[in-house]
Amino acid sequence: MTPTQEVTNPDKTETVQSSTREQEFLLRPATDISEDAHGITVLADMPGVSKDRLNVQVDQNQLLIEGTMAIDVPTGMEALYADVRATRYGASFQLSPELETDRIEANLVDGVLALRIPKRAEFRPHRIEVQAG
Amino acid sequence: MLQSLFSSFDSDPFGVAQRLEDEMAQLHSSWGWPAGIRSVRRGTFPPVNVGATPERVDVYLFAAGLDPKSIDLSIQQNVLTVSGNRQSPTNEEASYYRRERFDGDFRRVIALPDDVDPDRTVATYRDGVLRITVPRREAVRPRQITVN
């Protein structure tokens, strides 16, 4: 359960540029997104992606998830059947200002990316005490 | 090399054509990939790729987040069956905006070429991909007959 890649600085956008440059089809990972009182959880299925080929970054409130499959295929292999016809995943989401984008935690286990995006303290629900008298 | 498994159908310029054809096939549900008798609806979990060399057949199941012990794998003659279960635990305190990830029991049946040798099947699970390697029987090589 080691953090995979730091959510990098907005000015490190090489990967974004390279992905837009290539005329390549992206697989959109199946995703679960849920929200509780403390933040938002994103789960994304990215089978075949190892953590060194995963890139999670935030650029101007846009969350970008990218990954490339690393699968060992023998030389000269021909496809007999293929449901999956691309080797890159990509998804992006617009974040809202109450989220703490510099404190996103990312974990990648068995091809499932889990992101936890906390809410800023002032946006978390807090109980207001009613004074007696 | 990776391209050979994923893109042999869509090397340009036919890639776009193939993809369009697939999309049209979804609209008309009659054309497209020559459907095997055990073929399933596109988008069925988990997606499968099958690749072959003269020596072996490799089956790749793209199934992230599985417990390898829960995968049930059997092969009879040349028919491979993979079944299992993926639990996607629900956080009761959260509200969900998207639930696209597969949850529950799955099963896929894949017909392999006739010359596979199922006794030497090897399966590994890594980064959410289950890879099953089935060797093929030695090809019957032409024998040289000497004339005395």
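A polar contact is a pair of N or O atoms within 3.5 Å; within protein, one must be able to donate a hydrogen and the other to accept it, and residues adjacent in sequence count only if both atoms are side-chain atoms. By this rule, 21 residue pairs are in polar contact across the interface of chain B and chain A, both residues at pLDDT 80 or more. The model is predicted: local features need pLDDT of at least 70, side-chain atom pairs count only at pLDDT 80 or more, and totals for chains, interfaces and linings use all residues. Residues are numbered from 1 along each chain as its sequence is written, chains are lettered from A and ligands numbered from 1 in the order in which they are written, and side-chain values use heavy atoms, with hydrogens and water left out.

Chain A holds one helix and eight strands. Helices (H or I, at least four residues) and strands (E, at least two) are DSSP runs, numbered from the N terminus. The order from the N terminus is α-β-β-β-β-β-β-β-β. Of the 133 residues in chain A, 47% are buried (under 20% relative accessible area, 1.4 Å probe, protein chains only). Contacts are heavy atoms within 4.5 Å. Among those in chain A with a separation of 6 or more, 61% join residues 24 or more positions apart.

The largest nonpolar core has 33 residues. Such a core is a set of buried Ala, Val, Leu, Ile, Met, Phe, Trp, Tyr and Cys residues joined through side-chain atoms within 4.5 Å. A:Leu63, A:Leu113 and A:Leu115 touch the most other members. Both chains contribute: strands E2 (39-45), E3 (49-59), E4 (62-69), E6 (88-94), E7 (105-109) and E8 (112-118) of chain A, and helix H1 (2-7) and strand E2 (56-62) of chain B, each supply at least two residues. E3(A) gives the largest share, four residues. Beyond four places in sequence, the contacts of A:Leu115 include A:Val42, A:Val56, A:Leu63 and A:Ile104. Another core, of 20 residues, lies apart and includes B:Phe45 and B:Tyr125.

At the interface, 49 residues of chain B contact 40 residues of chain A. The buried area is about 4100 Å², with 55% from carbon and sulfur atoms; this is the accessible area (1.4 Å probe) that two parts lose on being put together, summed over both. In chain B, B:Arg98, B:Arg101 and B:Asp127 lose the most area to chain A, together 16% of what that side buries. Six salt bridges link the chains (a side-chain nitrogen of Lys or Arg within 4 Å of a carboxyl oxygen of Asp or Glu). One joins B:Arg108 to A:Asp83 (2.7 Å, N to O).

Notes:
Buried means under 20% relative accessible area, exposed over 50%, partly exposed in between (1.4 Å probe, protein chains only).
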